[in-house]
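Dear colleague,

Please find below the structure that I am handing over to you, together with its sequence. My findings follow directly after it.

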Amino acid sequence: MNKTLEQLEKEFQDRIDAGENIEAKNWMPEKYRKTHIRQISQHAHSEIVGMLPEGNWVSRAPSLRRKVALLAKVQDEAGHGLYLYSAAETLGISRDELFEQLNSGKAKYSSIFNYPTLSWADIGAVGWLVDGAAIINQVMLTRTSYGPYARAMVRICKEESFHQRQGYEITMKLAQGTEVQKQMAQDSLNRWWWPSLMMFGPRDEESTHTELSMKWKIKRKSNDELRQQFIDQTVPQAEFLGLTIPDKDLKWNEERGHYDFGPIDWDEFWNVVKGNGPCNKERLNARNKAWDEGQWVREAAMAHAEKKKFKSLKKAI
Amino acid sequence: MAELNKENLYQYLLQLGDNVMILGHRLSELCGHGPSLETDIALTNISLDLFGQTRSYFQYAASIKGDDSTEDKIAFLRFPNEYRNTILVEQPNTDFAYVITRQFLFDQYHLLLLEKLVDSSDETIAAIANKSIKEVSYHVRFSSEWMKRLGDGTEESNAKIQEALNYLYPYAGELLKTSPIEELAAGAGYGIDPDILTDSYYQNVNQVLEEATIKIPEGKWSHSGGKNGIHSEHLGFILSDLQYMQRTYPDMAW
Ligand SMILES: [Fe+2]
Ligand SMILES: [Fe+2]
C-alpha cells in the first residue's frame, strides 16, 4: 500500500528529529532537495571562487615555506569544492549544470571573496578571519541532517582549522615584525574585519531562510548567534597580537557575557551581494575564462576515453 | 682545488634547483584556473612536489655556501643572470597544450637525470634524487597520459598539442647540452653530463609522441643559454613576481 504524502513527510521529519541522517536514497520533500542543492552548491562555489583571491599571492609569497603552505591551502579549497560538488550531485544535479549556474552569475557564492587581497598580510587575515568565520558555520554543519553534506563537512572542518591557524601564524609573524609589517597587518585587519562579520549573513529579523533551516537542522544557531560567537572568539586573538579591531563601539559586556559591537554597514553587504563589490566581475570573469578555455581539453579527454573504451571492447570481441 | 669544487657544487645545485623552482612557479600560476578541478589539483600537486625539491636543493646549497646564506636568499635574491635554469621551463602557460608539452619535455629528462643522480658521489644529492624519483615518475605518467589524450582526442586538441610541440621542441635540446658546470660536476662524480641521456631521452619522448599520433618536429637545432645565465625575456617577469616581497621589504622575517 502506498504511503500518503503526509505520512512520508511525517516519517521524514521524525527521522530528522530523532537525529538520524537523511541519505540520497531516502524519500525527501522536493523543497528539502532544492534547498540543499542551493546551499551545498553555493558552498562549493565559495570554495572554488575563494581560491582566486588567495591564489593571487602564490607567485609573490615572501618565502619558499610560505609559498608551499599557501599553495597547499589553495589546493585544499579545490578539494573542498570537489567533495561538495559530489555531495550536491547525490541530489540529482550534474557538476556541469552547477558550473553553468556559477558562471552565468545565477548562483551565489560567499561575498567575502569579492574583496581584493592587496598585501601579503591579507593572506594572513583571510586565513585567520575568513577561514575562522567559515569554521564556525561549518562545525555546525557537521551535524546537519543531510548525510553526504554532513560527512563532507567533517573532512573539510579538519583542514579549515589548520588554515585558520596558519593564517593566524602569518599575522602573528607580521605583528611581531618591523613597524612596516605591523602596519601591514593592521591595515589588513581594518579592511577584512567588517566583511568577515557580514559572512554570517543578514541579521536574524531580516533572514528569510532561518525557520525551515532550523527545522531541517541545516542551521542550529541563528546568524546573529554565530556572529557573536565569532566576535567573542576573535577579539582576544587580536588583543594578543597587539592589533586593534576597527570598531570604536566594541567593548566587553559583563552582563551579557559577550562583546557589544558597532553597527554593520548592511548597505555595503547588499551591494556586494548584488554584484557591486570590488572584485565581483573579476572573479566571475576568471571562472568563465578557466571554464571556456578548458572546454576543448575536457572534450578531448572525453573523446579519448570513448576511443579507448571502443578499442578494448573490440579486443574483447 | 677544494674551493673551486665547492663553488662548482654550489652552482650545480643552483642549476638543479632553478629548473624545478621556475617550472614549479609556472605551474603555481595556474592554481585556480585549470580546465577542471581534477587537473587543477593534479597540476598543483606537481608544483608542490617541485617546490619541495627546490627547498631540498637550496637548503643544501645554503649550507655549502655558508655565512648567512639561506634557501630564501638563494631563491629570491639573485640577479637574473645568476639563475641557472633552462629556457624551456620559463616558457609561459600559453594554453593547456603548452603547459602539458612543457611538462612532458621536462619530466622525461628529469626522470632520466634522477635515475643517474641516485648514484651521485655526494650523499645529499643522492638522497634528494632518491626521494624525488617517486614524485617524478608520477609526473612522467601524468604528462605522458595527457600528451596521448590530447594527441588522440579531437581534431582540435590534436592541432593544439602539435602546435605546442612544434613551438617547445627546440627548447628541449638545452636540457641535454653540457654546460661547463655540468662538465665539472660529472668529472668530480657528484653530477652527470646530460649528453649521456640524449639517446634514451629522444627514444622515450618519441615513443609517447608516436602513440599520441603527434608528429615529431624535424631539425636538431636548439635554443640554449639559460644554464649560463642568458635567459628569455620571460624570466625577468617571473622574477618580478617571485622576488617582489623580498625586494620591496628587505631583511624582514615572514
Ligand atoms: Fe575550504
Ligand atoms: Fe580554508
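Between chain B and chain A, two salt bridges are counted. In one of the pairs forming a salt bridge, Lys307(A) faces Asp152(B), with 3.7 Å between the closest N and O atoms. Please bear in mind that this is a predicted model.

The contact between the chains

Polar contacts between chain B and chain A amount to 13 residue pairs, both residues being at pLDDT 80 or more. On chain B, the side that touches chain A draws at least two residues from each of helix 1 (2–28), helix 2 (37–65), helix 3 (71–76), helix 4 (96–117), helix 5 (123–152), helix 6 (155–176), helix 9 (234–242) and helix 10 (244–248). Helix 2 of chain B provides the largest share of that side, with twelve residues. In total, 47 residues from chain B and 47 residues from chain A take part in the contact. The two chains bury about 4000 Å² between them, and 70% of this lies on carbon and sulfur atoms.

The two iron ions

The iron ion (ligand 1) is held at 2.0 to 2.2 Å by Glu47(A) (OE), Glu77(A) (OE), His80(A) (ND1) and Glu160(A) (OE). These donor residues follow the spacing E-x29-E-x2-H-x79-E in sequence. The arrangement around the iron ion (ligand 1) is irregular because its four donor atoms subtend angles of 84 to 143 degrees, whereas a tetrahedral site would need all angles between 85 and 135 degrees. Glu47(A) lies in helix 2 (residues 30–55) of chain A and Glu77(A) in helix 3 of chain A, so this pair ties together parts that are 30 residues apart in sequence.

A distance of 3.5 Å separates the iron ion (ligand 2) from the iron ion (ligand 1), and Glu77(A) coordinates both. Glu77(A) belongs to helix 3 (residues 64–89) of chain A and Glu160(A) to helix 6 (residues 147–175) of chain A, so the pair links parts that are 83 residues apart in sequence.

Are these glutamates buried or exposed? Glu77(A) is buried, with a relative accessible area of 5%. Glu47(A) is likewise buried, at 5%, and Glu160(A) is buried at 2%.

Yours sincerely

Conventions:
Residues numbered from 1 in each chain as written. Chains lettered and ligands numbered in written order. Predicted model: local features only at pLDDT ≥ 70, side-chain atom pairs only at ≥ 80, totals over all residues. Heavy atoms only, no water. Donors = N, O, S within 2.8 Å, 3.2 Å for Na, K, Ca; no water. Helix = DSSP H or I, 4+ residues; strand = E, 2+ residues; numbered from the N terminus. Buried < 20%, exposed > 50% of the residue type's maximum accessible area, 1.4 Å probe, protein only. Tetrahedral: all angles 85-135°; square planar, octahedral: opposite > 155°, others 65-115°. Contact = heavy atoms within 4.5 Å. Buried area = accessible area lost by both parts, 1.4 Å probe. Salt bridge = Lys/Arg side-chain N within 4 Å of Asp/Glu carboxyl O. Polar contact = N/O pair within 3.5 Å; in protein donor to acceptor, adjacent residues only side chain to side chain.
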